[in-house]
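The sequence and structure come first, followed by notes grouped by topic.

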Amino acid sequence: MSDVRLIVAGAAGRMGRELISLIAASDGVSLAGALEGNGSAALGKDAGSLAGCAPLGVAISSDPLSCVVKADGIIDFSTPRASVELAALAAQARIAHVIGTTGLSSGDLQAIAAAARHAVIVRSGNMSLGVNLLAGLVEKAARTLGPDYDIEIAEMHHKMKVDAPSGTALLLGEAAARGLGVDLDESSVRGRDGHTGVREKGSIGFAALRGGTVVGDHMVIFAGPGERLELVHRAEDRGIFARGALRAALWAQGRKPGLYSMTDVLGLGE
């Protein structure tokens with residue numbers, strides 16, 4: 001049986017290098033391409049060497065089309081603009097697209113959903129098993145406890161992260177909103193400063209901390225009358241995200257076109 005041929009987008013980034021190393025060390029998969037944006041200092045370099053493993057004979061490129069024609073799937077931790085463009089290419093080529101990019105706008109999400117009519121697209125704000133289990137617990141807790149328990153989501157990441165709240169925090173917020181039966185965009189509070197007044201019942205608060213080399217910490221707090229429930233996930237190694245993304249890319253092979261999540265990949269749906 002031939003290898004599943006994968007492209008890594010955002011190849012020079014932390015997650016890109018982690019993915020390339022994982023693919024090089026895994027059976028049944030091979031690196032078909034490695035992508036970076038125009039002007040990247042990594043262009044032309046061997047993807048394996050850049051990732052700290054043996055040379056793979058795959059040069060980092062800024063031309064996705066030349067890579068897509070010889071691939072079965074894309075694993076993408078890049079930028080919102082690049083992810084939208086790659087989703088359209090995946091739809092044209094009828095290959096799988098796993099998206100771990102965060103900071104996507106509502107317009108970006110609409111474009112990705114449109115591409116999913118012709119491609120298998122797996123998108124998640126976090127690819128780890130633990131976080132997706134946490135999301136299920138958050139939804140159940142919100143449904144059980146109801147609006148009498150105030151929900152606050154706190155997250156901390158390394159100082160180089162450029163978007164806030166994190167994609168994982170938003171994923172957890174969406175789970176809480178589903179549990180409450182509300183729309184997250186209408187219920188979320190993204191920061192407090194000055195005289196804010198009393199907390200609105202049923203709102204979902206977010207707090208983002210940045211510093212050091214923190215891989216990713218997330219806490220969901222349910223603060224009720226006389227008691228507090230805290231659900232916590234701490235990522236200690238970026239490998240958990242790479243392993244989840246690779247699992248998603250393999251799961252996507254042979255599926256019907258559509259927009260999927262890690263809940264589908266991991267079989268966590270009720």
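A residue is called buried when its relative accessible area is under 20%, exposed when that area is over 50%, and partly exposed in between. The model discussed here is predicted. Because its relative accessibility is 46%, L129 counts as partly exposed.

**Surface patch**
- L129 belongs to helix α6, which covers residues 129–145.
- Together with L133 and L268, L129 forms a nonpolar patch on the surface.
- The accessible area of L129, L133 and L268 together is about 240 Å².

**Helix packing**
- Two packed helices are described by the angle between their axes and the distance between the axes.
- Helix α6 packs with helix α7 (residues 167–180) at an angle of about 30°, and their axes are 7 Å apart.
- Angles under 35 degrees count as roughly parallel, and α6 and α7 are therefore roughly parallel to each other.
- The crossing in which α6 passes α7 is right-handed.
- Helix α1 (residues 14–25) and helix α9 (residues 239–252) cross at roughly 60°, and their axes come within 9 Å.
- The pair α1 and α9 is therefore oblique.
- The crossing in which α1 passes α9 is right-handed.

**Loop residue D163**
- D163 is located in the loop that runs between β7 (150–157) and α7.
- Because its relative accessible area is 16%, D163 is buried.
- In sequence, D163 and G103 are 60 residues apart, while their C-alpha atoms are 5.8 Å apart in space.

Key:
Residues are numbered from 1 along each chain as its sequence is written. This is a predicted model: local features need pLDDT of at least 70, side-chain atom pairs count only at pLDDT 80 or more; totals for chains, interfaces and linings use all residues. Side-chain values use heavy atoms; hydrogens and water are left out. Patches are made of residues with over 30% relative accessible area and no salt bridge: like charges are joined within 9 Å, nonpolar side chains (Val, Leu, Ile, Met, Phe, Trp, Tyr) within 5 Å. Accessible areas come from the Shrake-Rupley method with a 1.4 Å probe; for residues, only the protein chains shown count as cover. A salt bridge is a side-chain nitrogen of Lys or Arg within 4 Å of a carboxyl oxygen of Asp or Glu. Helices (H or I, at least four residues) and strands (E, at least two) are DSSP runs, numbered from the N terminus. Buried means under 20% relative accessible area, exposed over 50%, partly exposed in between (1.4 Å probe, protein chains only). Axes are lines fitted to C-alpha atoms, for helices over the stretch in contact, and angles run from 0 to 180 degrees between N-to-C directions. Angles under 35 degrees count as roughly parallel, over 145 as roughly antiparallel, 65 to 115 as roughly perpendicular and the rest as oblique. A crossing is left-handed if the near helix is turned anticlockwise from the far one by less than a right angle, and right-handed if clockwise.
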